[in-house]
2 protein chains.
Amino acid sequence: VPDATLIQPVILSGGSGTRLWPLSRRSRPKQLVSLSGDGTLLQRTALRTAGHEGFASPIVVAAADDGDPVEQQLAEVGVQASALILEPVGRNTAAAIALAAVEVAPDTLLLVMPSDHEIGQVDALHDAVSAAKPLAEQDWMVTFGVEPDRPETGYGYISRSEALAGGLFRVARFAEKPDAETAAKWLAEGGWCWNAGIFLFRASAFLDLLSIHAPAVLQAVRNASSRAERIGSRLLPDAESFAAAPSVSVDKAVMELAPRVAVAPVEMGWTDLGSWEAVHALGPHDAWGNAVSGNAIAVDSRDCLVRSDGPTVVALGVDDLVIVATERSVLVVPRGQTQRVKEAIDALEARKKPQPD
Amino acid sequence: VPDATLIQPVILSGGSGTRLWPLSRRSRPKQLVSLSGDGTLLQRTALRTAGHEGFASPIVVAAADDGDPVEQQLAEVGVQASALILEPVGRNTAAAIALAAVEVAPDTLLLVMPSDHEIGQVDALHDAVSAAKPLAEQDWMVTFGVEPDRPETGYGYISRSEALAGGLFRVARFAEKPDAETAAKWLAEGGWCWNAGIFLFRASAFLDLLSIHAPAVLQAVRNASSRAERIGSRLLPDAESFAAAPSVSVDKAVMELAPRVAVAPVEMGWTDLGSWEAVHALGPHDAWGNAVSGNAIAVDSRDCLVRSDGPTVVALGVDDLVIVATERSVLVVPRGQTQRVKEAIDALEARKKPQPD
């Protein structure tokens with residue numbers, strides 16, 4: 001089997017969100033921590049394709065600071081990246097994917113995956129990729145859509161129009177995160193999926209669209225790549241060149257503007273683990289609805305998330321709380337308010353600053 | 001001024017309660033930790049008399065394991081104990097006080113104080129001691145009573161009968177911790193005080209009563225004392241002798257049985273800090289009723305106790321919670337349930353044990 005038929009996974013590990021603070025933080029992003037006790041999210045993402053027939057070794061695009069932990073975590077699960085591209089600065093997903101796309105043969109199929117989502121049923125993803133492959137080989141841009149089971153306001157949505165081959169649909173439009181009323185309407189009317197941020201397309205198709213719709217991104221990436229430092233499998237794009245790339249998402253730069261975009265609906269137990277609430281929902285739960293992990297116990301407590309990578313945490317007689325501890329920090333917040341984590345971080349940073357007179 | 005006229009403070013520091021876990025624990029009792037940021041409770045207790053006219057340097061009775069921290073904490077506030085008596089095992093307050101009483105001249109007045117209570121108005125205590133002194137010099141046993149301001153069920157009570165000199169009253173009876181209904185009744189009828197566990201009496205009066213009502217305690221203490229090891233101001237009672245002492249409180253062994261017992265009512269901002277709820281009540285509070293101390297902040301939270309001697313703790317959007325962190329442990333419990341701390345400790349100990357099949 002010649003390599004050209006292999007699908008090239010591209011794992012995007014450049015995010016640095018703090019929504020799972022204190023476990024994740026700027027210097028240790030979510031994808032590099034273990035949320036389930038069954039490997040880090042990066043490791044779980046890598047193992048979705050590594051060792052599976054039909055996939056090449058992944059290209060990983062990560063922040064320069066994360067080079068060592070990424071390499072080490074991949075090694076721990078026996079994965080050797082075909083390239084580890086270390087971004088000197090973050091320039092969003094269009095540029096990150098372009099860094100990978102310019103490294104491969106033009107007709108290579110890229111399977112682009114965020115590194116910080118959980119997928120419970122990997123087989124379902126594989127089936128969807130197989131179903132999507134023929135369209136991608138005809139230069140369609142394919143995105144994978146998750147069937148909504150609730151009126152979620154935290155995700156982008158995709159609406160579909162006519163059916164295509166293999167159970168895919170032409171995309172009618174991409175929609176931003178809706179308000180609650182709109183989300184409820186879309187859920188009721190059907191034909192909408194969540195945008196999971198997973199894509200399958202040819203490198204050449206992507207780069208052609210980028211040259212039309214975001215030429216400054218492509219130019220910056222080509223400059224950064226041609227002047228890159230290469231050490232083994234590590235690739236360090238030229239910092240000054242890459243910094244010139246506009247910061248734009250692949251959705252905005254390419255997917256929303258491309259003429260032939262398909263969505264492959266897939267039920268794969270997907271969650272973006274974008275809040276402690278989502279981590280609680282993932283479980284596993286004890287008989288009282290608590291998700292307890294690490295050095296922690298819950299006594300006479302209900303529907304709590306209690307986890308510690310640091311001191312022994314005891315939740316006693318509490319309901320609907322998120323309690324997360326590391327050696328440095330402890331967060332206590334009601335389960336319905338976990339999206340407020342940034343307020344906690346802001347408050348801590350304000351405390352560190354000299355106070356005004 | 002001859003020394004015999006000085007009142008001899010006796011500080012009881014042998015307690016090892018875990019009601020303020022995780023800050024206090026068996027190996028670091030409550031009196032040795034700082035609850036207010038203004039010294040440890042032991043230090044605050046020592047400074048109630050040290051440096052004040054009319055008082056000798058204190059005798060401190062502590063657990064053998066606490067010898068070094070007790071000595072160090074006293075030195076930090078410039079107090080040199082006249083004796084540091086280190087109990088090889090705990091044998092309750094009758095024996096602890098007896099260890100001190102046999103060390104002093106018989107007619108010495110002892111002011112016995114627990115080391116783990118807070119007294120906000122020290123002047124009021126001094127005034128009460130001055131008022132009580134004449135009766136104590138006539139061999140009355142004097143206890144100090146705190147006027148109740150709520151139907152507290154956590155303390156013992158004292159009822160008074162006829163008025164004596166100096167604003168004191170003869171004690172009618174000592175009562176165990178009442179149920180809620182009884183406590184409410186006593187509060188309504190008046191004439192009842194809380195038993196604060198602070199006493200003023202002559203050493204000889206105490207020892208005479210002990211010889212009548214608890215001779216085994218006295219005998220064990222005399223044996224332990226005569227065979228004690230003495231190193232500087234440290235006194236280590238003989239372990240085997242002392243272990244033979246029955247474990248009984250000074251209330252049960254002496255105060256409840258003595259013929260001439262007086263109570264000196266005193267309003268001195270007293271609290272026994274016997275629960276996290278009491279520590280919260282002590283404050284200080286921010287504008288939203290939170291008592292926040294150490295490496296901790298409360299954001300959009302109300303009526304919480306949040307304190308850390310370890311990791312940075314953030315309480316975000318929570319009400320009526322107690323959150324206490326040390327480098328080892330974190331407790332999260334509702335404010336109304338802080339008396340359940342023992343359940344947390346039990347649960348942790350159960351986890352450490354091998355599980356039954």
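**Helix packing, pockets and backbone details**

The crossing of H3(A) and H6(A) is left-handed (the near helix is turned anticlockwise from the far one by less than a right angle; clockwise would be right-handed). Helices here are DSSP runs of H or I with at least four residues, and strands are runs of E with at least two, numbered from the N terminus. The model is predicted, so to speak of local features requires pLDDT of at least 70 and side-chain atom pairs count only at pLDDT 80 or more, while totals for chains, interfaces and linings use all residues. Residues are numbered from 1 along each chain as its sequence is written, chains are lettered from A and ligands numbered from 1 in the order written, and side-chain values use heavy atoms, without hydrogens or water.

H3(A) and H6(A), the latter spanning residues 203–213, pack at about 130 degrees with their axes 10 Å apart (axes are lines fitted to C-alpha atoms, for helices over the stretch in contact, and angles run from 0 to 180 degrees between N-to-C directions). The two helices are therefore oblique to each other, the class left over once angles under 35 degrees are called roughly parallel, over 145 roughly antiparallel and 65 to 115 roughly perpendicular. On the H3(A) side, Ala94(A), Ile97(A), Ala98(A) and Ala101(A) make the contact, and on the H6(A) side Ala203(A), Phe206(A), Leu207(A) and Leu210(A), contact meaning heavy atoms within 4.5 Å. These residues divide into eight nonpolar, no polar and no charged. Nonpolar covers Ala, Val, Leu, Ile, Met, Phe, Trp, Tyr, Cys and Pro, charged covers Asp, Glu, Lys and Arg, and the others, Gly among them, are polar.

In chain B, H3(B) (residues 92–101) and H6(B) (residues 203–213) pack at about 130 degrees, their axes 10 Å apart, which makes H3(B) oblique to H6(B). H6(B) also meets H7(B) (residues 215–226), where the axes come within 5 Å and cross at roughly 120 degrees. In this contact, Leu207(B), Leu210(B), Ser211(B), Ile212(B) and His213(B) of H6(B) face Pro215(B), Val217(B), Leu218(B) and Arg222(B) of H7(B). By class, six of the residues are nonpolar, two polar and one charged.

S9(A) gives the largest share, four residues, and the classes are 12 nonpolar, 18 polar and 11 charged. A pocket is an open set of points on a 1 Å grid over the protein atoms alone, with protein on both sides within 12 Å along at least five of seven lines; a cavity is a set where a 1.4 Å probe fits but cannot get out, and lining residues have an atom within 4 Å of a point. Points are joined across faces, edges and corners, and volume is the space filled by probe spheres set on them. The structure holds one cavity of 30 Å³ or more. The largest cavity contains about 40 Å³, and its lining includes Arg44(B) and Glu118(B).

Some backbone details complete the picture. The Gly283(A) to Pro284(A) peptide bond is cis, with omega near 0 degrees, as is the bond from Trp21(B) to Pro22(B), with omega near 5 degrees. Asp303(A) has a positive phi, near 55 degrees, in a residue other than glycine.
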